[in-house]
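This report looks at a ligand and the protein around it. Please keep the sequence and the structure in view while reading.

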Amino acid sequence: MYDFKPADGADLAERYRELAAAADALTADEPDGVANMANVAALLWEFLPDLNWAGFYRVGPAKTGGAAELVLGPFVGRPACIRIPFGIGVCGAAAQSRATQLVADVHAFPGHIACDAASASELVVPVLRDGAVVAVIDLDSPRPARFTEADAAGIEALAALLADRI
Ligand code: SME
């Protein structure tokens with residue numbers, strides 16, 4: 001049985017260190033990327049309050065053989081849109097720019113894709129392997145401006161840890 005839980009009263013940086021340590025323990029010896037993403041989605045949900053969606057989109061081939069796009073991966077939350085072209089919405093912007101997207105108000109973000117009408121703010125971090133984006137980590141919250149630069153730094157560290165494990 002795994003019982004990874006955040007320590008009571010830990011500050012945000014400490015909480016992200018605990019999250020990364022739990023993710024490291026769960027993924028270090030497991031070569032199956034889907035299993036690793038599934039467990040990390042569960043950890044994100046366990047460790048971070050005020051989320052309504054936490055998970056992964058992977059870069060994969062388009063159904064029609066066109067340009068690569070984002071394809072829904074393991075997550076916790078409500079069913080979500082399955083395919084997102086690069087450059088579209090918050091996830092597509094992160095994939096295209098290879099840069100973290102910290103969005104305080106998703107309704108003000110051009111092209112935001114509303115998978116759940118309850119979402120108010122969003123953090124999307126690209127997972128880079130050898131400089132190429134292989135996935136994004138997407139967090140949504142029903143609370144406006146839920147995510148800070150400290151959250152972005154914590155999720156970026158997690159993305160770096162996972163780059164060769166998903
Ligand atoms: N809102 C995202 C789409 C993914 S869902 O939030 C799970 C976006 O605009 O990219």
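## The shell around the ligand

Which elements each supply at least two residues of the shell around the ligand? They are β1 (53-60), α3 (89-97) and β6 (132-141), where helices (H or I, at least four residues) and strands (E, at least two) are DSSP runs numbered from the N terminus. With three residues, α3 gives the most to this shell.

The model is predicted, so that local features need pLDDT of at least 70 and side-chain atom pairs count only at pLDDT 80 or more, while totals for chains, interfaces and linings use all residues. Residues are numbered from 1 along each chain as its sequence is written, and side-chain values use heavy atoms, with hydrogens and water left out.

## The cavity

The ligand sits in the largest cavity, meaning that more than half of its atoms lie within 2 Å of the grid points. About 160 Å³ of space lies in this cavity, and among the 19 residues that line the cavity, Ile113, Cys115, Glu122, Asp138 and Asp140 are the closest to its centre. A cavity is a set of points, on a 1 Å grid over the protein atoms alone, where a 1.4 Å probe fits but cannot get out, and lining residues have an atom within 4 Å of a point.

How values were computed: On a 1 Å grid over the protein atoms alone, a cavity is a set of points where a 1.4 Å probe fits but cannot get out, and a pocket is an open set with protein on both sides within 12 Å along at least five of seven lines; lining residues have an atom within 4 Å of a point. Grid points are joined across faces, edges and corners, and a volume is the space filled by probe spheres set on the points.
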